[in-house]
Amino acid sequence: LLGLGVVSGVVGSVGTRLAHSVAGDRSKLALPQPRVPAPSIPTDVQPKGVALPSFITPSADFYRVDTALSVPQLSHGDWRLRIHGMVDHDITYSFDDLNRFDVVETVATLTCVSNPVGGDLISTGIWTGYRLADLLKTAGVHPDADMVLSTSVDGFTAGTPTEALTDGRDALLAIGLNGQPLPIEHGYPARLVVPGLYGYVSATKWVVDLELTRFDRAKAYWTRLGWAPRAPIKTESRIDVPKGGQRVVRGPVVFGGVAWAQNRGVRAVQVRIGDADWQPAALGASYSNQTWRLWSFPWQAESPGTQTITVRAIDNTGAVQTAEEAASVPDGATGWHTVEFTVT
């Protein structure tokens with residue numbers, strides 16, 4: 001992995017501990033209470049009559065993509081975060097140093113760039129942490145620093161547009177997920193959460209280093225391998241019910257799924273059965289532009305035989321999810337999700 005030189009001091013100080021579990025350390029950490037909790041989640045975010053994913057993904061079910069051969073084990077006492085590069089002065093924060101900043105709670109949906117059309121590498125969590133904008137402001141970021149190169153304790157790097165950390169979207173140095181300290185496999189004791197960007201440019205786990213730099217000077221782990229340096233999440237949708245190949249008994253049924261367009265929000269979802277016209281789906285309540293939206297679609301199953309259902313989303317800018325099929329490389333898969341089922 002790249003970036004080992006950047007964090008050589010940190011790795012040297014904790015390297016002997018990486019093989020030992022920090023489960024005990026995590027169990028003793030009391031998550032601070034947010035100054036202003038996230039707005040409560042209304043019950044009508046969840047459509048009725050159809051078995052869809054929970055609006056908030058349980059921590060145990062949160063999607064996970066690893067780049068390390070083993071999960072790093074870093075205690076909150078050993079953890080340090082260095083901010084340097086194109087700044088007025090270098091700063092290194094310990095966990096205790098974070099107490100000077102406001103504790104923030106936000107609800108955000110994260111998505112992996114490797115998620116195929118209809119895939120499940122997407123989850124929504126309640127995140128607790130500190131605004132990266134506050135931490136960066138103390139260091140004095142130079143106006144021409146357009147990228148933050150973040151580095152994990154295991155050497156993984158990600159390049160994030162500086163603007164995405166300072167434009168008010170509650171980009172966080174997160175220390176908690178769903179009211180508990182971060183799970184170890186999700187970055188304990190601290191990670192980045194940046195709504196609206198695919199994880200490979202924004203979601204560094206076990207983060208220990210932030211270098212202010214420029215896209216024309218530095219490349220991160222995945223961008224060196226041909227992935228796009230900037231990766232806003234695309235407008236997409238998925239069918240969860242019915243599953244592919246499912247048998248549907250004639251009569252009234254309710255289909256459904258999820259749609260997302262982080263940092264823009266979902267305005268509408270449309271469904272098509274076979275080659276029929278597009279019809280509007282019913283939407284669960286919109287929590288925020290940073291979270292997915294659940295949808296349902298009542299349908300009368302009549303003629304026996306094989307059928308298909310297709311879905312597309314429309315975001316709050318009015319843009320319709322593209323039908324053009326593209327693979328995940330270099331900046332996220334596109335296309336409409338279609339599921340084949342059988343009416344019996």
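Reader: In S17, which residue is the bridge partner of Ala259?
Author: This is a predicted model, in which local features need pLDDT of at least 70 and side-chain atom pairs count only at pLDDT 80 or more, while totals for chains, interfaces and linings use all residues. Residues are numbered from 1 along each chain as its sequence is written, and side-chain values use heavy atoms, with hydrogens and water left out. S13 and S17 run antiparallel and are joined by nine bridges; strands here are DSSP runs of E of at least two residues, and helices are runs of H or I of at least four, numbered from the N terminus. Within S17, the partner of Ala259 is Arg293.

Reader: Over how many bridges do strand S16 and S17 pair?
Author: Two strands count as paired if DSSP finds at least two bridges between them. In this pairing Leu283 stands opposite Trp295 in S17. Strand S16 (residues 282–283) and S17 pair in the antiparallel sense, and the number of bridges is two.

Reader: How many of the nine residues of strand S17 are buried?
Author: Buried means under 20% relative accessible area, exposed means over 50%, and partly exposed lies in between (1.4 Å probe, protein chains only). Strand S17 (residues 293–301) is largely enclosed by the rest of the structure, because the buried residues among its nine number seven.

Reader: Which residue in S10 is the bridge partner of Ser152?
Author: Strand S5 (residues 147–152) pairs with S10 in the antiparallel sense, over six bridges. In S10, the partner of Ser152 is Val207.

Reader: How many salt bridges does a search of the whole structure find?
Author: A salt bridge is a side-chain nitrogen of Lys or Arg within 4 Å of a carboxyl oxygen of Asp or Glu. Arg169 and Asp167 form one, with their closest N and O atoms 2.8 Å apart; Arg169 is buried at 14%, whereas Asp167 is partly exposed at 37%. The search of the whole structure gives a total of 12.

Reader: How many residues apart are Arg35 and Asp102?
Author: The side chains of Arg35 and Asp102 meet in a salt bridge at 3.2 Å, N to O. Arg35 is in the loop between helix H2 (23–28) and strand S1 (80–85), and Asp102 is in the loop between strand S2 (91–94) and strand S3 (104–111). Arg35 is exposed, with a relative accessible area of 54%, and Asp102 is partly exposed at 34%. The pair links distant parts of the chain, and the separation in residues is 67.

Reader: What is the relative accessible area of Asp315?
Author: Asp315 and Arg264 meet through their side chains in a salt bridge of 3.0 Å, N to O. Asp315 is in strand S18 (residues 305–315), and Arg264 is in the loop between strand S13 (251–260) and strand S14 (266–273), 51 residues apart. Arg264 is partly exposed, at 22%. Asp315 is buried, with a relative accessible area of 2%.

Reader: What is the phi of Trp206, which is not a glycine?
Author: Trp206 lies in the loop between strand S9 (191–193) and strand S10 (207–213). Trp206 is buried, with a relative accessible area of 5%. Its phi is positive, about 50 degrees.

Reader: Where does Pro242 lie?
Author: The peptide bond from Val241 to Pro242 is cis, with omega near 10 degrees. The place of Pro242 is in the loop between strand S11 (236–241) and strand S12 (247–248).

Reader: What is the volume of the largest pocket?
Author: On a 1 Å grid over the protein atoms alone, a pocket is an open set of points with protein on both sides within 12 Å along at least five of seven lines, and lining residues have an atom within 4 Å of a point. The lining has 23 residues, of which Val65, Thr67, Phe156, Gly199 and Tyr200 lie nearest the centre. Grid points are joined across faces, edges and corners, and a volume is the space filled by probe spheres set on the points. For the largest pocket this volume is about 410 Å³.

Notes: On a 1 Å grid over the protein atoms alone, a cavity is a set of points where a 1.4 Å probe fits but cannot get out, and a pocket is an open set with protein on both sides within 12 Å along at least five of seven lines; lining residues have an atom within 4 Å of a point.
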